[in-house]
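Subject: A structure for you to explore

Hi there,

Here is the structure I promised to hand over. Please open it next to this email, and then read on for what was found in it.

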Amino acid sequence: MNDSVMVNKQIRESGLRQLATVEAKSDNVGKWKTWLTSYQFVRKYQDDRYIWLTCVLALEALNTGNFGVGSILIDPDGNVVVRGHNQVFNPYFRSDRHAEMVVMDEFEDTHQKVMGVEGYTLYTSLESCPMCLSRLITSGVGKILYAAADPTGGMVHKMKDLPEVWTQLARRQVFSQARCTQDLTNAANCIFLVNANELNEELKKR
């Protein structure tokens with residue numbers, strides 16, 4: 001069994017275990033749980049397996065009453081080092097607990113001796129917002145790849161509008177849409193949109 005097949009197997013098994021713990025609280029969650037469980041990685045898309053896992057995490061976020069966004073950090077050998085999902089509303093309100101922030105908090109807390117992360121890749125199911133983009137630029141993570149674009153809240157497509165210090169720092173990194181199937185891109189987008197409007201309205205009331 002080659003390394004790629006082994007990584008695929010490990011990711012799939014861990015993702016399926018995670019899906020098995022999701023007790024669907026809505027028809028939407030149940031539908032996407034079934035879809036993700038049956039999804040098969042497409043080999044020609046190099047990011048497919050990782051984006052699938054971000055979608056699994058996004059579904060878990062959705063099911064717990066948070067924004068449906070998931071994220072993972074991959075080391076230079078292709079191993080999943082940290083995984084996380086949006087936790088803004090649950091278990092309690094934390095305005096900074098976007099998926100990317102959750103992942104980077106855990107990584108930096110538990111890998112304090114790792115000095116260079118240019119060989120790491122962060123995958124996220126949704127294009128990063130301004131807060132997360134600034135955090136990821138500061139982190140120095142080499143690649144940041146997202147499944148679904150976020151035309152209204154995403155910042156990657158508007159990086160030229162950042163202050164100069166941020167655009168200069170970002171030149172050492174790659175920010176791009178991941179190479180995955182359109183089906184996974186659609187899944188990431190749909191999972192996010194299930195409760196996005198409702199939760200945005202909750203934020204406006206705070």
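Let's begin with a proline: Pro91 lies in the loop between β2 (80-85) and α4 (99-110). Helices (H or I, at least four residues) and strands (E, at least two) are DSSP runs, numbered from the N terminus. Asn90 and Pro91 are joined by a cis peptide bond, with omega at about 15°.

Before we go further, a word on the model. It is a predicted one, in which local features need pLDDT of at least 70 and side-chain atom pairs count only at pLDDT 80 or more, while totals for chains, interfaces and linings use all residues. Residues are numbered from 1 along each chain as its sequence is written, and side-chain values use heavy atoms, with hydrogens and water left out.

**Aromatic rings**

A pair of aromatic rings is described by the distance of the centres and the angle of the planes. Rings of Phe, Tyr and Trp (its six-membered ring) pair if their centres lie within 6.5 Å; planes under 30 degrees apart count as stacked, over 60 as edge-to-face and the rest as tilted. How many aromatic pairs does the structure hold? There are eight.

One of them joins Phe41 and Trp52. Their ring centres are 5.3 Å apart and their planes stand at 70°, so this pair is edge-to-face. It links distant parts of the chain, because Phe41 is in the loop between α2 (27-38) and α3 (48-63) and Trp52 is in helix α3, eleven residues apart. Trp52 counts as buried because its relative accessibility is 0%; here buried means under 20% relative accessible area, exposed over 50%, and partly exposed in between (1.4 Å probe, protein chains only).

Tyr50 and Tyr123 make a stacked pair, with 4.9 Å centre to centre and 25° between the planes. This pair also links distant parts of the chain: Tyr50 is in helix α3 and Tyr123 in strand β3 (residues 121-126), 73 residues apart. Are these two tyrosines buried or exposed? Tyr50 is buried, at 4% relative accessible area, and Tyr123 is buried too, at 5%.

Ring pairs also link Phe67, Phe89, Phe93 and Phe192 into a cluster.

Now look at Arg12. Its charged end sits over the ring of Phe41, 5.9 Å from the centre, and Arg12 also lies over the face of Trp52, at 5.5 Å from the ring centre. A charge sits over a ring if NZ of Lys or CZ of Arg is within 6 Å of the ring centre and within 35 degrees of the ring normal.

**Cysteines**

A disulfide is a covalent bond between the sulfur atoms of two cysteines. The search counted a pair of cysteine sulfur atoms within 2.5 Å, and it found zero disulfides in the whole structure. For Cys55, the nearest cysteine sulfur is that of Cys180, 7.5 Å away. Cys55 is buried, with a relative accessible area of 0%. For Cys190, the nearest cysteine sulfur is that of Cys55, 10.0 Å away. Cys190 is partly exposed, at 33%.

Asn28 is in helix α2 and counts as partly exposed at 34% relative accessibility.

**A strand residue**

His85 is in strand β2 and is buried, with a relative accessible area of 10%. His85 and Leu59 are 26 residues apart in sequence and 8.8 Å apart in space, C-alpha to C-alpha.

**The largest pocket**

A pocket is found on a 1 Å grid over the protein atoms alone, as an open set of points with protein on both sides within 12 Å along at least five of seven lines, where a 1.4 Å probe fits; lining residues have an atom within 4 Å of a point. The largest pocket holds about 420 Å³ of space, a volume being the space filled by probe spheres set on the points, which are joined across faces, edges and corners.

Of its 25 lining residues, the closest to the centre are His98, Leu126, Cys129, Asp150 and Phe192. The largest share of the lining, three residues, comes from α7.

Enjoy exploring!
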